[in-house]
Amino acid sequence: MVLVPTAYAPSSNNKTSSWRTTRPVIDYSKCTRCMICWKFCPDVAIGVTFGEKLDYPNERFSKLEAPFINYDYCKGCGICASECPFDAIDMVQESEM
Amino acid sequence: MIILVIYLSIFSISCLGNRMYEIRFHGRGGQGAVTASKILATAAFKEGKWVTSFPFYGTERRGAPVAAFTRIDNNKVELRTQIYNPDSVILLDKSLMNIINVTDGLKENGLILINSKKNDVLSHPELKKFKVAVVDATSIAVRNKLGDPAHPIVNTAILGAYAKVSGIVKLESIIDATKELSPSKINENINAVKEAYEEVEVI
Amino acid sequence: MRAINKNWSIMTGNEAVALATKLAGVKFVSAYPITPQTAIVEKIAEMVANEKMDAKFIEVESEHSAMASVMGSELAGVRSFTASSSHGILYMHEMLNWVAGMRLPILMAVVNRSIGPPWNIWADHSDTMTQRDTGWMQLYGESNQEAMDTIILGYKLAENKDILLPIMVMQDAFTLSHTSEPVEIRDEEKVREFVGEFNLPFKIDINKPMGYGSLMPPDGPFMELKMDMKKSMYSGVNKFIEITKEFNETFDANFPGPVEGFMMDDADYALITLGSISSTAKHVVRNLRNQGKKVGLLRILLYRPFPKDLVINYLRGLKGFGVVDRSSTYGPFGSLYMDVISSIYGKLDIPAANFIAGLGGRDVRVVDFEEMFMRIMEGEDGEIWINAGVK
């Protein structure tokens, strides 16, 4: 049998959170659920939540699915914060958390 | 019957001898020179010979001069060079005589078969060194509705004529190969082969 | 006279390759057309459309994507095939390394064509010579029969569980790809039995997720993987000899194997060649033998892995030889010459010339081979360009 560069471990085992020096934090009271952050995240580290009790800017947004950040994989690049049209994402120093 | 077979096999050996036979086709894009070289190869192959056939590839378009080649041998054909000194030249379009040197490298006393009416080629002094044969393949093709009158496809007719004047390959083999390789109008093509076989003249 | 009881057909090299993929049971084809390879892809697409070939064919927008998509299908455990030429090969260079490093036994037919500028569509080995170090095996055929047979042999060799490497199967542009000549069509059932079922040991399985080719640090088995590739590739020489023997018995054929010695037994001088010009060279060898000159020809069919021990055995006892390179590379000598000379280093001491011939489809004529033999018989060495020079 030949040697093959494969590993019986999915890349989801490879948690990249330790790469992060700043973390994005969503302020749900400003978030309109437009999902632009979810679209732009280069590491698919932003997911979608269903039916969670989250804050919202006003009643109209209360029934919509909301983005959430998976901190196991987020590398802290800040693209989501940069792209958010409502300034609803803050980049916070990890040391302050 | 057996005597006839023996006679035919002696005849074909005496024609080919122990050497390779090389044929060059000149035509214009769309006249079927490349297919003609393949039909001739297939016909000879059916008689037990070894063959190759290949086009000279340039930038192809309808109407541009094209050349194609066939090699026929009793042994497997090893040579993969271009053909420089053909034994025969087959000219599908006589107007090419004014553009290129169609007899370039043709062996002395080699055969040149021209798609033409007889009188049209008598004025060409450079043909004197060769055995010249003519057949009006264009009229035959038009008569058999091969291609359209402006662009008749003359390749099958000229091969019928070649079978007669060269003695390299039998009429039946050309007919068999034509059946195999004609994309359409099989009967018309076979008629053209037969008519040209009858009409060709050595001058 | 040839045997008449066989299934002969007059076909071009391109047609022979297309038919061979059908016979070998290829199930997935993805390719991008480029002259002179186009006819292979057209023929396969036609056979698939007419349901004469049970395979999936997809068009892609580039050669890079073609190689990427056959990589995907092969990983899923499906026997896959692609074909290209010239600049297409260069464009897939990155993926060629990936496919080899992932140990995927894909076959690719290459119709050898020169590399521009200037644009030139004719025969020359420069395209595949630039890819000789990508981890692909390389087979250079001499006839349309070999174009068909190397595909069949190739799948059996590539998919062997101790080899698992991709193979490029070469034929020369126009001199084979567009030349019609008799080819014996191998029996489909026998071919299927000969090639066998394809079973990739590490194929994608959704129930057992795996990482493929992910990051490996310097102390990970990176170097060991490369060592294993080289070991597998070089075990391919003997495996190829075994498979050739089995092929010849199964199909009553005379496929030569990794190298072919022609009139080499008592030869004093010989040429070493690749590809279709070997056929013309044989014709010249025969003629020179008739004139009493003891010459021979050694044809390299399997260029990667380079069958160095076989080459040494053939060259032993010669008074001189020449190596014909049909590619423009910029080492101190042509690539085939350097492979031969480094193989015999310290073992044989024979004067050897390097001939560069036939670039960009320039005809390598009978007189050119006669000149090469004359020059090695006069003891010339160094790099000599044949039938070239500003006129």
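This is a predicted model: local features need pLDDT of at least 70, side-chain atom pairs count only at pLDDT 80 or more; totals for chains, interfaces and linings use all residues.

Biologist: Okay, and how many residues does helix 5 of chain B have, and how far does it reach?

Modeller: It has 12 residues, 155-166. From the first C-alpha to the last, helix 5 of chain B reaches 16 Å, close to the 16 Å expected at 1.5 Å a residue.

Biologist: Is that helix mostly covered or mostly exposed?

Modeller: Mostly covered: 12 of its 12 residues are buried. The buried ones include N155(B), L159(B), Y162(B) and K164(B).

Biologist: You mentioned N155(B). How far is G30(B) from N155(B), in sequence and in space?

Modeller: They're 125 residues apart in sequence, and 9.9 Å apart in space, C-alpha to C-alpha.

Biologist: Where is G30(B) found?

Modeller: In a loop of chain B, between strand 1 (21-28) and helix 2 (33-46).

Biologist: And why does G30(B) count as partly exposed?

Modeller: Because G30(B) has 16 other C-beta atoms within 10 Å. A residue needs 20 or more to be buried and 12 or fewer to be exposed, so that count falls in between.

Biologist: Switching to strands. Which ones pair with strand 6 of chain B?

Modeller: Strand 5 (residues 111-115) of chain B runs parallel to strand 6, joined by 5 bridges. Strand 9 (residues 201-202) of chain B pairs with strand 6 in the antiparallel sense, over 2 bridges.

Biologist: How many residues of strand 6 are buried?

Modeller: In chain B, 4 of the 5 residues of strand 6 (131-135) are buried, and the strand is mostly covered.

Biologist: Now the other chains. How many residues do chain C and chain A put into their contact?

Modeller: Chain C gives 21 residues and chain A gives 11. On the side of chain C, strand 9 (211-212) and helix 9 (222-251) are the elements that give two or more residues. Helix 9 of chain C gives the most, with 4.

Biologist: What's that side of chain C like by class?

Modeller: There are 10 nonpolar, 5 polar and 6 charged residues on the side of chain C that touches chain A.

Biologist: Which strands pair between chain A and chain C?

Modeller: Strand 1 (residues 6-7) of chain A pairs with strand 9 of chain C, antiparallel, over 2 bridges. T6(A) has Y212(C) as its bridge partner there.

How values were computed:
Residues are numbered from 1 along each chain as its sequence is written. Chains are lettered from A and ligands numbered from 1 in the order in which they are written. Two residues are in contact if their C-beta atoms, placed from the backbone, lie within 7 Å. Ala, Val, Leu, Ile, Met, Phe, Trp, Tyr, Cys and Pro count as nonpolar, Asp, Glu, Lys and Arg as charged, and the others, Gly among them, as polar. Two strands pair if DSSP finds at least two bridges between them. The expected span of a helix is 1.5 Å times one less than its number of residues.
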